[in-house]
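Have the sequence and the model open as you read.

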Amino acid sequence: QVQLVESGGGLVQAGGSLRLSCAASGGTFSNYAMAWFRQGPGQEREFVAVISRSGGSTIYADSGKGRFTISRDSAKNTVYLQMNSLKPEDTAVYYCAARFIVTSRYSYDYNLWGQGTQVTVSS
């Protein structure tokens, strides 16, 4: 199985930007659809974005549309989440997830998860 390690979280002011990274090791990176989920304090884990194994298609939650961009770099076995115009309600632990081949917006479809990285947006 692929191991996933997120990085890039931190504290940012509202309106600012942050880029999260998820480095994958083991397995074949190109076989996996890659997604980002997030979980705020006391909240359910929610879908943020997903990118197909080729990078050719993406799906975004309404919460991030127009502000967030998911991308992947096959040469680096890394998926990114560029977050712009951040809001306090974006504060959450952000998790990278992977599943074999097919994209999904549902957390129960993913069997591979990173440890999470904290994003805190101050007002």
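## A pair around strand S9

Let us begin with Arg-99 and Asp-109, which form a salt bridge whose closest N and O atoms are 4.0 Å apart. A salt bridge here is a side-chain nitrogen of Lys or Arg within 4 Å of a carboxyl oxygen of Asp or Glu. This pair joins distant parts of the chain: Arg-99 sits in strand S9, while Asp-109 belongs to the loop between S9 and strand S10 (112-113), 10 residues apart. Strands (E, at least two residues) are DSSP runs, numbered from the N terminus.

The partners can also be described by their accessibility. Arg-99 is buried, at a relative accessible area of 18%, whereas Asp-109 is partly exposed, at 27%. Buried means under 20% relative accessible area, exposed over 50%, and partly exposed in between (1.4 Å probe, protein chains only).

## How the model is read

This is a predicted model, in which local features need pLDDT of at least 70 and side-chain atom pairs count only at pLDDT 80 or more, while totals for chains, interfaces and linings use all residues. Residues are numbered from 1 along each chain as its sequence is written, and side-chain values use heavy atoms, with hydrogens and water left out.

## The other salt bridges

The structure holds 5 salt bridges. One of them pairs Arg-67 with Asp-90, the closest N and O atoms being 2.7 Å apart. Distant parts of the chain are linked by this pair: Arg-67 lies in the loop between strand S6 (58-60) and strand S7 (68-73), and Asp-90 in the loop between strand S8 (78-83) and strand S9 (92-100), 23 residues apart. Arg-67 is buried, with a relative accessible area of 10%, and Asp-90 is buried as well, at 1%. Both residues belong to a network of salt bridges that links Arg-38, Glu-46, Arg-67 and Asp-90.

Asp-62 forms a salt bridge with Lys-65, with 3.0 Å between the closest N and O atoms. Asp-62 is exposed, with a relative accessible area of 64%.

## Thr-117 in strand S11

Now to Thr-117, a residue of strand S11 (residues 117-122). Thr-117 counts as buried because its relative accessibility is 10%. A polar atom of the Thr-117 side chain lies 3.2 Å from the backbone nitrogen of Gly-9.

Which residues surround Thr-117 in contact, leaving aside its neighbours within four places in sequence? They are Glu-6, Ser-7, Gly-8, Gly-9, Leu-20, Ala-92, Val-93 and Tyr-94, where contact means heavy atoms within 4.5 Å.

Key. Helix = DSSP H or I, 4+ residues; strand = E, 2+ residues; numbered from the N terminus. Polar contact = N/O pair within 3.5 Å; in protein donor to acceptor, adjacent residues only side chain to side chain.
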